Amino acid sequence: MITVIALLVASALISYLLTKKWPTAGAFFTILASLGALVGLYLLKDSTGTIETFGYLNFKMTTIGWYFAMVLGTVYFTSAFFNPDWMDQMLYPSAYNAFYVLSFAGTIGLFFAQDLITLFVCFETAVWSSTFIVLQGKSRRAAWIYFVVSSIGSMATLFAVILAGQTTGTFDIAAAFGLLASDPLVAGVVFFTFVIGGLTKIGIFPFHIWLPLAHGSAPHTFSPVLSGGLVKLGAYLVFLAAAYIPMNSIFSNWIFVLNKPLPVYILMALGAVSIVVGTLRAIQQDDAKKLLAYSSVANGGYILIGILMMDQMAFAGGLMHLLNHAVASAAAFLAIAVVAKRTGTTKMTELGGMIHRMPVTYIVYLIAIISMAGIPPMGGFVSKWMIFQGLSDKGFIFLAMASAFGSIGSYLYVFRPLSAVFLGQLSPRHEELKEANPLMLISMVILTLMSLGLGVFPNMVLTTIAKIQTSIGLTPIMTDGFKTMTANGSVNMFEVFVVFGYGFVLMLILFLVLPKSRRVGLMDTYTSAEFIYTPELLHYSSNFYAPFERLYAKWPSVLPWFTRASTKLKELGEWTESFFFSQSPTRGVMWLVVIAILAMVGGSL
Amino acid sequence: MTLMNFIYGFLVLIGAFVFQTTLTGINRKITARIQKRRGPKFYQQFIDIFKALSKSSITHGWVYDFGAIMALGGIAATVIFIPVAGFQAFPGLDNVFVISYVLAVGMLGMAMSAAGSGNPWASIGVSRALTNMLAYDIPLMVVVFTLIFINKSGSVADLALLQQGSGVFGWNFIKLPLGGIVAVVALFGMLGKKPFDSFIAPAEIASGPMVEYGGKQLGMMFILHELMTFIEVSLILNMFFGGGETLVIYLIKYALLYTFTNIVSQVMPRFKIDQAVLFFFRVPLGMALLQGILVIFLGWGY
């Protein structure tokens with residue numbers, strides 16, 4: 001492990017120097033570095049349990065850490081293919097490449113951390129390096145908010161780390177969290193503060209405000225990493241807390257809702273709220289990247305609920321959803337990045353008809369959203385299906401309702417970019433656009449095939465997840481050949497795929513034997529005797545779900561609340577400051593006297 | 001998975017199409033009688049479909065055709081998954097979520113094809129249809145979650161089988177009356193029957209999602225509509241009305257349920273889309289949640 005991490009840190013330095021000299025070479029080096037790390041990680045798959053130490057940092061190989069690292073590695077590797085084409089648009093290309101690789105190193109270190117200190121150091125490495133990348137995007141305010149929310153999470157985690165270490169006398173994650181059970185109050189505080197660090201990173205309500213801002217304004221090549229990759233760091237923190245702190249015994253004095261202690265149930269309810277809020281806000285967006293960012297908020301809710309369920313089905317579903325969402329969301333963001341590269345905008349109202357210029361990008365986006373919306377035969381279906389099965393089996397009806405809402409609601413928001421950006425009328429301004437270049441296509445096609453492969457052969461991943469479940473003492477998910485088994489019935493995704501293909505072939509034959517159609521232009525449509533000659537006017541892209549959006553247009557948002565809180569905090573700071581710092585010399589002399597008196601009296605107190 | 005499975009699947013597909021199309025024809029006649037007209041012949045629906053299929057047609061690009069094929073392919077696969085009177089062409093693929101989500105492939109394909117035509121009214125129709133779907137699906141899903149919680153099975157065939165044997169009183173519609181009513185109301189939404197038919201827009205703008213279709217694509221959309229109706233009615237029939245012990249009973253129950261929705265819809269006014277959403281989220285969702293709470297937390301109903 002240390003070899004991989006050390007090589008990545010060294011690569012960060014090399015790519016910095018290389019980019020200074022030749023920007024494109026430096027960008028290609030990031031592809032190479034992330035590929036090397038990915039291969040290195042894959043080779044580690046059988047060395048579970050190895051412990052390595054480097055100075056004060058201790059790393060331990062675990063199946064869960066390996067799984068998370070592979071998910072992140074995939075996202076970093078595929079997104080890196082986009083770096084060479086964006087070098088001329090970066091403010092500081094060398095810093096971008098260096099931090100790209102460094103944040104990857106930080107995330108891997110986090111997943112393999114054996115003790116809490118290593119965990120925190122690596123967490124901060126990843127957060128700081130990504131902050132500097134987000135800063136290079138469109139808006140400084142977005143980076144600022146990202147940093148503040150991340151800091152809240154980091155501070156909470158740091159508090160938990162120190163409290164746990166002080167109480168138990170050890171920083172080893174499993175040992176420290178296990179020993180906490182003897183003191184339920186401290187354990188509860190550690191659990192919550194540690195989990196808050198995770199929630200801010202996943203973007204769970206009410207900490208979700210940074211996601212749309214940071215994802216929306218980060219460089220187009222980094223948004224896939226933020227959404228597909230870095231938010232999963234939070235999921236890992238939540239996993240650690242849920243798996244190693246014995247929740248049911250430390251909260252044994254609380255009310256239990258369906259065998260879950262109330263505090264844990266509240267956290268799951270927050271996940272449900274995130275699903276609903278993320279879905280509703282995504283439907284309202286006009287910027288395609290912000291829309292996808294809100295969908296990450298919603299999907300983060302699924303992952304949180306799945307992990308906190310800590311059972312056979314929903315937990316496996318949650319972990320698998322993490323991978324499915326990473327792959328699908330990265331693909332969708334990359335497809336939008338191609339559109340942004342070619343047209344210079346991500347606003348849906350300014351686009352349309354891209355399918356006629358970039359058909360492959362369209363297919364990539366289509367498969368990605370099918371997976372995100374949880375429609376078979378893509379990966380997203382399997383994981384959502386498992387979460388649904390788990391929730392309905394235990395009777396979590398409100399959480400299940402929120403999950404259903406997020407699932408059906410996702411049809412609405414994923415269809416909007418499909419229709420407004422890719423389908424519909426092509427504006428004459430975009431007549432000359434070209435398809436993405438081969439380098440970009442390679443990475444997008446890899447992700448698309450992964451989405452499909454995960455949907456048709458989910459058991460490839462589920463066997464790894466079963467190992468994770470065994471390692472933390474849960475009943476592992478059952479698989480049998482192509483069949484995925486649950487208590488409420490099984491599904492054979494390969495057969496589903498074959499039958500779907502059968503239906504498609506039947507209808508293709510029907511289509512082909514019928515008389516051939518005559519090709520007409522896009523503007524040649526039925527307009528009930530209106531004469532319209534401007535393609536933009538014949539394209540429906542603004543206010544897409546107006547009747548539905550009207551119903552909740554006036555609902556309060558949490559962002560103004562946070563803004564007001566920050567204004568008050570700033571005023572408080574200024575008020576406090578006014579006591580100490582002033583133009584007037586008397587104020588300074590007064591404090592000098594006060595300090596002198598305190599120093600003299602202090603000894604005798 | 002053998003060749004026989006595929007042949008059975010094909011037969012189910014043809015059977016479902018012929019049966020539902022005949023039923024639609026008969027219901028056109030019933031509608032006409034309610035409105036004091038004579039109405040068309042009972043096989044008029046077949047004539048309409050085959051005529052459309054044989055006519056010359058236009059296309060607006062590959063996604064317009066591909067979407068139509070994908071839609072019909074997805075719907076055809078879903079029909080094959082549906083257990084009819086306990087018979088399944090591919091045993092074990094009848095999980096309720098699998099069925100309702102493979103159905104979504106069909107809907108997405110149709111939406112894609114319609115938006116790909118470049119006609120803004122088609123997109124407006126799709127946006128309304130999706131909003132309508134969000135409205136009726138949430139209450140229905142809550143009831144389905146409750147059903148799975150009680151029966152510990154997500155298989156539609158199992159759910160149907162568990163209701164059989166004690167006559168009408170075994171039906172989930174009787175055992176879970178609130179949920180049963182929600183399911184029937186949701187069926188109106190699914191089928192696009194009044195009061196939830198504004199996404200088809202029969203009265204206001206040109207013609208909703210279908211505005212740009214003609215010739216064979218229109219014929220395919222007709223077939224799609226018949227098959228989708230078969231899936232939706234069958235789902236509710238299997239889950240709440242005990243399915244059917246034999247094929248004849250199944251088809252009779254099916255015909256009654258479908259005709260019931262048709263007759264009721266004839267005397268209904270029409271909701272606007274946002275009104276439909278509010279209605280579904282206030283009344284049926286409330287009923288569904290109440291049913292769920294009664295069952296899960298108080299143990300009533302099973």
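## Ground rules

Residues are numbered from 1 along each chain as its sequence is written, while chains are lettered from A and ligands numbered from 1 in the order in which they are written. In this predicted model, local features need pLDDT of at least 70, side-chain atom pairs count only at pLDDT 80 or more, and totals for chains, interfaces and linings use all residues; side-chain values use heavy atoms, with hydrogens and water left out.

## Domains of chain A

Chain A is split into domain 1 (256–475) and domain 2 (558–602), with bounds from an automatic or database domain assignment. Their C-alpha centres are 47 Å apart.

## The largest pocket

Helix 9 (215–240) of chain B is among the helices that supply at least two lining residues each, and it gives the largest share, nine residues. Helices are DSSP runs of H or I with at least four residues, strands are E runs of at least two, and both are numbered from the N terminus.

## A nonpolar patch on chain B

A nonpolar surface patch of about 810 Å² includes Leu3(B), Met4(B), Tyr8(B) and Phe87(B). Patch residues have over 30% relative accessible area and no salt bridge, and nonpolar side chains (Val, Leu, Ile, Met, Phe, Trp, Tyr) are joined within 5 Å. A salt bridge is a side-chain nitrogen of Lys or Arg within 4 Å of a carboxyl oxygen of Asp or Glu. Areas come from the Shrake-Rupley method with a 1.4 Å probe, and for residues only the protein chains shown count as cover.

Tyr8(B) sits in helix 1 (residues 3–34) of chain B. Tyr8(B) is partly exposed because its relative accessibility is 35%, on a scale where buried is under 20%, exposed over 50% and partly exposed in between.

## Backbone details

The peptide bond from Phe205(A) to Pro206(A) is cis, with omega near 0°. Lys194(B) and Pro195(B) are also joined by a cis bond, with omega about 10°.

Asn543(A), not a glycine, has a positive phi near 55° and is exposed at 52%.

Note on methods. Patches are made of residues with over 30% relative accessible area and no salt bridge: like charges are joined within 9 Å, nonpolar side chains (Val, Leu, Ile, Met, Phe, Trp, Tyr) within 5 Å. Buried means under 20% relative accessible area, exposed over 50%, partly exposed in between (1.4 Å probe, protein chains only).
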